[in-house]
Amino acid sequence: MYSRNSFGSYYPIDSIIHRLNPILKIFNFILTIGIIIFAKSLEVNLFLLLFILLMIMLSHVPSKYYLNTFWSMRYIYILIAFICAFFSTTLTTCMIYIIKLISLVEYIGILAFTTSPSENIYGIERLLQPINFFFLPLPKYAFKINSILRYYPLFLSVEYKTFKACASRGIDYYNTNILKRISIFTKVQSNIRRLTSFKNGQIMFASVLRLFHDRRKRSNYRSNKIGLYDIFFTLFHLALVYAVLIERGIL
Amino acid sequence: MEKIEFNNVTFIINKGTTLEKTILNDVSFKMEDNKIYSFLGSSNSGKTAIGDLINALIIPDSGSVKIGEFINDGRRIKNVNKLRFDTGYVFKNPYDMFFNKTVKQEIAFGMKYFNYKVKKKSLRINDALKLVGLDESYLKLNPLRLTLVDAKKVALACTLIYNPSIIILDEFTNGLDYNDKAELLRLLKLLKNKYKKTIILLSKDTSFCYEISDYIYLMHLTKIVGEGTREILHDEEKLKEIGLEVPKIVSFVNECKKAGHDIDYYTNIHDLIKGVYRDVF
């Protein structure tokens, strides 16, 4: 049924993860992407997944929101399992790929639930500032990166609204069999993508109106200061990076 | 489709989380066919949830909603699409209903999906558009680029195309100017009198609902706090208490009464002017 849960949008409560500094949050996210790409062993990937589960617990966002994201990706996980079976890869490799995807999606979920769009843009902008040797329009890029990060949660929210609109006209996605679901999805998916891009543009426009200017550095934005938890989480991420480097034989 | 019946319905969102909020609290009422009902209440009074429950888009946490032969009580509803065909629902934000590239595709979406057996589909689309006061030039436009008023009209056309017996309009009069409201009034009367529809208005617009409603429910903080025919809106104190505007006609008549003129309550401005001439002069 069409309850009013919203996936992927900012969940405004007070938790350890919400209070983390946005710059370090983005930095940790970049490290996580590196870990996901380069980690080969099941152990490191499992450890990362457990760490993400810990972050989910500490974020105090109801787990059903994360489960919604997980559930919405179920067909992709099944597809990966099929592809692995087709190429006769081992069960361990298949599991590693699925764990990597779950880790990535849920980490983006944590970022989306616990970081407001303004914090996100601020974090990306300030993180890129020290390496901006060519005086590039960083605020603009920060906007773009933020919209990319928020694309999937936004896609889910648009998908939900579209299915609700369909249901109100008698085309109920959630109360039909798998064949009809595929039929409905194929009919509306191009529209969902188009609508998501449209909404993304609207969010960017709203941000420009309210707080940001995409060609100017902001100086008046205040965010959470770096604290003990920030250091703890960053060290944990760095420890995982260290593990990957050892695993790869670089160190 | 016959009667609508709410029995002790409670609806809570984000249950078990820190954002838990009761939207409807032990609401019960009955509705007859071929009447215009209004649910009047300020924001967060639970009006939209009533529309969602009748359309079976949400399920109640306790109690049951009976819509003709269908019962929405948390259990799976068989043939739920049939129920939705018969209960046309226009959302509060009409843009939430749109996902197609053009107005024509938007209105025809359901017919296309179900291979609706209509001899002349395009004729039917044009009829639906005309009924809501738009012309054929709108068919090629992007529904997301329409103005709010036009978007509402297109959303209404999307529901009218199925010929539902119940029509639910959520905050439909918001943003409509005088002419649009007069057109809507004419359309709703036509739908009720000629096509025998049941119309449910979820609104804050007391003046509009006063003019057209057969029966009114007043809602405040998740509960129904008053119900009755339009005379219920004569009580200025109660309306102010629940954060609603007193209908302008009622306000004028009350002022006249205070000044010592005995004028009856009229539903529209034309009758009121005639009444004032007759009673006062």
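**Briefing: chains A and B**

In helix α6 of chain A, the buried residues are A:Pro117, A:Glu119, A:Asn120, A:Ile121, A:Tyr122, A:Gly123, A:Ile124, A:Glu125 and A:Leu127. That makes α6(A) a mostly covered helix, with 9 of its 12 residues buried. The model is predicted. Chain A has 10 helices and 0 strands. Chain B contributes an open sheet of 6 strands.

**Chain A: overall build**

- Read from the N terminus, the elements of chain A run α-α-α-α-α-α-α-α-α-α.
- The radius of gyration of chain A is 20 Å, close to the 18 Å that the globule rule gives for 251 residues, so chain A is as compact as a globular protein of that length.
- Along the principal axes, the C-alpha atoms of chain A fill a box of roughly 55 × 50 × 35 Å.
- Buried residues make up 35% of the 251 in chain A.
- Take the contacts in chain A between residues at least 6 apart in sequence: 82% of them join residues at least 24 apart.

**Chain A: helix α6**

- Helix α6(A) covers residues 117-128, which is 12 residues.
- From first C-alpha to last, α6(A) reaches 17 Å, close to the 16 Å expected at 1.5 Å a residue.
- Two of the buried residues named above are glutamates, A:Glu119 and A:Glu125.

**Contact between chains A and B**

- Chain A gives 23 residues to the contact, and chain B gives 21.
- On the chain B side, the elements that give two or more residues are α2 (80-86) and α3 (103-113).
- Helix α2(B) gives the most to that side, with 4 residues.
- By class, the side of chain B that touches chain A has 13 nonpolar, 6 polar and 2 charged residues.

**Chain B: the sheet**

- The strand order is β6-β7-β8-β3-β9-β10 in chain B, and the pairing is mixed.
- Strands β6 (87-90) and β10 (223-228) of chain B stand at the edges, each with a single partner strand, so one side of each is left without a neighbour in the sheet.
- Neighbouring strands of this sheet are turned by 15° against each other on average, direction ignored.
- Strands β3 (residues 36-41) and β8 (residues 198-203) of chain B run parallel and are joined by 5 bridges.
- B:Leu40 has B:Ser203, in β8(B), as its bridge partner.
- Helix α5 (residues 148-160) of chain B packs on the sheet, where it touches β6 and β7 (166-170) of chain B.
- The direction of α5(B) makes about 165° with that of β6(B).

Technical notes
Residues numbered from 1 in each chain as written. Chains lettered and ligands numbered in written order. Predicted model: local features only at pLDDT ≥ 70, side-chain atom pairs only at ≥ 80, totals over all residues. Rg over C-alpha atoms; globule rule 2.2 N^0.38 Å. Buried ≥ 20, exposed ≤ 12 C-beta atoms within 10 Å, placed from the backbone. Contact = placed C-beta atoms within 7 Å. Expected span 1.5 Å × (residues − 1). Nonpolar A, V, L, I, M, F, W, Y, C, P; charged D, E, K, R; others polar. Pairing = 2+ DSSP bridges. Axes fitted to C-alpha atoms, helices over the stretch in contact; angles between N-to-C directions.
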